[in-house]
Amino acid sequence: MHELQRVSAAPAVAGAVHESGHFVRVAESGLRGQVTLRGDLATPAMARAVNEAVGLAVPDRLRGNFDGPRAVLWMARDELMLLLPHEEARAAAAQASAALSDTHHLAIDVSDARTIFTLTGENAAALLAKGAPVDLSATGFPVGTVRRTHLGEIAIAFWRREETVWEVMGFRSTAPHLAEWLRTSSLLGAAV
Amino acid sequence: MPHRMPEGGVLIDRSRPIRFRFNGEELQGYVGDTLASALMANDKVLLGRSFKYHRPRGLIASGAEEPNALLGVGEGGRFEPNQRATMTELYDGLVATSQNHWPSLEFDIGAMNAAVANRIPVFSAGFYYKTFMYPRAAWKHVYEPFIRHAAGLGQAPTDPDPDVYEHYHTFCDVLVVGGGVAGLMAARRAAEAGAEVLLIEQTGHWGGRALTDTDTLIDGQPADAWAEAMAASLAAMPNVRMRTRIMGAGGYDHGWWLLYERVAEHSPGEEGMPRHRLWKVRAKQCVVATGAIERPLTFAENDKPGVMLASAVRDYIRLYGVRPARSAVVVANNDDAYRTALSLHRAGATVKAVLDTRAEANGALPGEARALGIPVRPGYGIAKVEGTMRVETVRIAPLADPSAVQLLVCDLVAMSGGWSPVVHLFSHGGGKLRWEEEMAMFRPEPERGAPIGPDGSVNTRCAGAANGALAAGDCLSDAVAVGDAAAEALGRQAPPAMPEVAAPAESPMEPHWFTPASGKYAHGNKHFVDFQNDVTAADIRLAAREGYESVEHTKRYTTLGMATDQGKTSNINGLALLAEARGEPIPAVGTTTFRPPYMPISLGSIAGRSRGDLFKVIRETPMHAWHAANGGDFEPVGDWFRPYCYRRAGEDRDAAVAREVLNARGKVGLLDATTLGKIVVKGPDAPSFLDLIYTNMMSSLKIGACRYGLMCNENGFLFDDGVVVRMAEDEYLLHTTTGGADRVHGHLEEWLQTEWWDLQVFTQNVTEQWAQIAIAGPQSRATLAAAGLVLEEGTLQDLAFMRYAPARISDLPVRLYRISFSGELAFELACPASAGMGLWERLLAAGADHGIQPYGTEALHVMRAEKGFIMIGDETDGTVTPQDLGLSWAVSKKKADFIGKRAFDRIDITREDRKQLVGLLTEDPTVVLPDGAHAVAEVKAAGQPMKTIGHVTSTYRSPVLGRSIAMALIERGRERMGEVLDFPLEGGSVIRATVSDPVFYDKEGARNA
């Protein structure tokens, strides 16, 4: 019987790394657990639910909190996204839902809805600046900042994990487009 | 005769010669040359033919304002017409061709226009308007083809452009446009105050005119040395970004700037390197330090190759080591042009005379010229320039007596009519100008209006020459003040400092708009004002005589300033001539409007990376690669690519679709249904919210049950449909059409956020989270069982139609819906997208013994049409109600309200002659009605209007019925059962079809029992 293998993106995209000949290292970052959490972000129940799931505090507006493979990203005034190991996401969503059962909320495993790329390099911000109308300078976009915006024509979100490490998230169906955009825009000759 | 001097040329590298070609001839230049300087060094004076009269033309300028030297540059896909030779940096192997001539540059048939124009007014002001009126038929057959043949400059490229282009967004405190002394100074002040500065320069080097005009001392240093040191000091500051080869293209609201970078234009074909990069900048403050452009003088035959702007002449000598002539005449109305006489003299050329249109010339620079023995003739002008293809002789005359001509032999005329500040970027954003009489120029008047930022305060200021501060001392003090003002607007301040400037004192310029000539030249029809569009002083005077009062009208009538240079050298001269002809002051005739871009930018730069594979996003399902590898013949659906069918060897589309339909109805078929929209709606108010959204009742749906639902807009028109599943007491899953997912999600959020914000409901678009597969056909249940599907509760056999069940295959959690869009026993199976490909392959393997085959969207459409199921976008077009489609059963009569309910009472919706959905069976079963064919009340002869009573909405060949079927919206359709309708087609034939029930197959639903 055919194996039910889990893959993070289309065959040409999943796991692809572009480094040599590129001014930024671009790598598809594989299966990542993703849970959308919606509700009143200011409540103690929400703080507990987030802490239980990823061991982190609810972030401020346009910010994320990070701890290894776990993170919590501010997505909107009533929406967070949790990042955690892929195999934990389903249970984490159920657990968060249980923790928030007394309040109006939504906790949902969306681990496969988006594909995540990791950009590494001094000039990673310049690569993103080719498509995103966002101030990505060290002062405009300090480490830990999260932004939902667009890259060229497609909807994306990205965050600055470290000074030179960024993660970019796009919808799974657009991952081949996003991957090709990142690949061609990061060629050495296209350094800004 | 122009030639490269044995030494000199601060911008060229004589150790690096490079080859290039012009009109097939191989020539040599140096790294650092522009195409213009390299052509001049090779004595290429004649560079093109003018637009209307095809007059021989050569270089006038050395910068962006060049109106004449527009060349085709590059070959094949890299060919680009209308490139300014002055702005094109020379690279090894560059290929350039001249434009607008036939059969050759030296001998051109089109120049006949000019010959004829001497006797009859061909192409004079308003020529097109006056000439092409009558006879009427001649427009189409004679005039338009002629104009089209003659119109336009250069040839459009025909091959695809192999280069890449991109955009770049950036932000800064202060954007400084222009890297001359004013820009450098203003940037320095803002940077010292601590602002983040972005300083750009359109050429490849810093310093602007300081590189040429080194007789100014700044802080004791020659201007060029000062500029170099200043650029180096700025480069060392961490808060300053400096970029050359970037032009300020446009200024927009609230500090939004468009910049145009030439990245690889001078080195085409480098791997990955974009040819151009379009910068989109948000700047809190902007300093426009774009300098000034020298104006030509208007005298007879002033367009002859060899007549140049005075400043450009000394640029070529100083920057490129090219001496434009052996002997020259300088003609000017100001002191600055004497620098050109001095430069020519020092370069070894003979300056036959400096003709000064002013009555006296007693400044320091004229004095220096006289001391060198250069004849200076105040009160003189040029009566006429002579020569066949270039300047050979010049007839000079006192302005007071144009007939008293004297002949001077020379091969160059250097002219200067004063300077116009480059206020373009200031004006783009709404900056106002005022006419300054003494200096004869428009300069910024921010008191009357200047570009403003988001807080409503001024955010853009001109500095230096762009602000009308032409003299070196004024220029630098203005730049300091403007740099400080930008910093102050940001709450910053630099310690006070002011450079010391020593420069030759200059006497005031005096406006001189028209140099009189005698004989046939007296009227000014060889006094060129707009070189690129061949507009003469006579044209402007004619327009004035014909009643044109405003320059905006005159511009359109004469085409003054309407060419690709947008009148950079011609607007002010044209304006002055119009004012003079009307006897009015210059401000009274108005100014033209400056619009972006400052210079033409490439279309590629606007497209950026959105071309080729990245032209438009193509959304792919998790199974896309399988489809592509297995004959999938794709069609776009929304932004998705879905297989229309899977073609086997030797099969056409029709055969593949027929096979897929018969296989699904006979055995089992598999469809990738991932693209269907999936939206979670959750919250205590979810049931009542969905009752308002859908026309039918959703609050009564049992947990685990599915219901087909309709969504209308507030006009009562159907806009989306799909199966709704109740997952829990407070949670629903909405399925939408493929193309409607985002629209429906937006619709839900709009109503929630703007009207029903008190409802406790969350909506989440989870379309991308799930891969979804439809399994249809008599063997579908057996296939699922063979795949190892196990329901969490109950059995597959017992799962009723329109029920949902959580299930698993191996350890993969899946969702099973028993729903059918084909009328067959059918299921849809959803799993997390990461496992989609695996599940697809698992089902194909499991169904192999049962004859499973994948089917595409067309088989899906055929099967739904056989069952009379509607398709959003086929049976609906934004004007169709559920009732029109016979879907009244899905419109609640019990609910107090829902979107569209009020509209159902409107007269137009309740009238009895609305179009209604019916089936159609053609009399000849082999004939398939064309999509959209109209039914008419009565067939009339071709060309006669016929009353239409409806149209075909879906039409197919049904493989299972062995005949054509169609659906149509027909007036009072349901009353017409059995009636035969006529569908006249183009060409006169008529298809006849009988009105029937829209359900063609398995009316009783036995197949999905």
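The buried residues of helix 22 of chain B pack against strand 34 (632-637), strand 35 (640-646), helix 17 (653-666), strand 36 (668-672), strand 50 (948-958) and strand 51 (963-971) of chain B. Buried here means that 20 or more other C-beta atoms, placed from the backbone, lie within 10 Å of the residue's own, against 12 or fewer for exposed and partly exposed in between. Helices (H or I, at least four residues) and strands (E, at least two) are DSSP runs numbered from the N terminus. The model is predicted: local features need pLDDT of at least 70 and side-chain atom pairs count only at pLDDT 80 or more, while totals for chains, interfaces and linings use all residues. Residues are numbered from 1 along each chain as its sequence is written, and chains are lettered from A and ligands numbered from 1 in the order in which they are written.

**Helix 22 of chain B**
- Helix 22 covers residues 857-866, and eight of its 10 residues are buried.
- Among the buried ones are B:Leu860, B:Val862 and B:Met863, together with the charged-type names B:Glu858 and B:Glu866.
- B:Gly868, just after the helix, has a positive phi of about 75°.

**Sheet 38-39-40-37-41 of chain B**
- Five strands make up this open sheet, with antiparallel pairing (two strands pair if DSSP finds at least two bridges between them).
- Strand 38 (706-712) and strand 41 are the edge strands, each pairing on one side only.
- On average, neighbouring strands are turned by 30° against each other, direction ignored.
- Strand 37 and strand 40 (residues 731-736) of chain B are antiparallel and share six bridges; B:Val680 stands opposite B:Leu733 in strand 40.
- Helix 18 (residues 686-693) of chain B packs on the sheet, touching strand 37, strand 38, strand 39 (718-728) and strand 40, and its direction makes about 130° with that of strand 37.
- Helix 19 (residues 741-754) of chain B lies across strands 37, 38, 39, 40 and 41, at about 165° to strand 41.
- For these angles, axes are lines fitted to C-alpha atoms, for helices over the stretch in contact, and values run from 0 to 180 degrees between N-to-C directions.

**Chain B overall**
- Chain B has 23 helices and 53 strands, and 54% of its 1009 residues are buried.
- Its radius of gyration is 38 Å, whereas a compact globule of 1009 residues would be near 30 Å; the radius is taken over C-alpha atoms, and the globule rule is 2.2 Å times the number of residues to the power 0.38.
- The C-alpha trace of chain B spans about 115 × 75 × 55 Å along its principal axes.

**Chain A**
- Chain A has four helices and 11 strands.
- The radius of gyration of chain A is 17 Å, close to the 16 Å from the globule rule for 192 residues, so chain A is as compact as a globular protein of that length.
- Six strands of chain A form an open antiparallel sheet in the order 1-2-8-11-10-9, with strand 1 (17-18) and strand 9 (146-151) at the edges.
- Strand 10 (residues 154-162) and strand 11 (residues 165-171) of chain A run antiparallel and are joined by six bridges; A:Ile156 stands opposite A:Gly170 in strand 11.

**Interface**
- 49 residues of chain B are in contact with 47 residues of chain A (C-beta atoms, placed from the backbone, within 7 Å).

Technical notes. Two residues are in contact if their C-beta atoms, placed from the backbone, lie within 7 Å.
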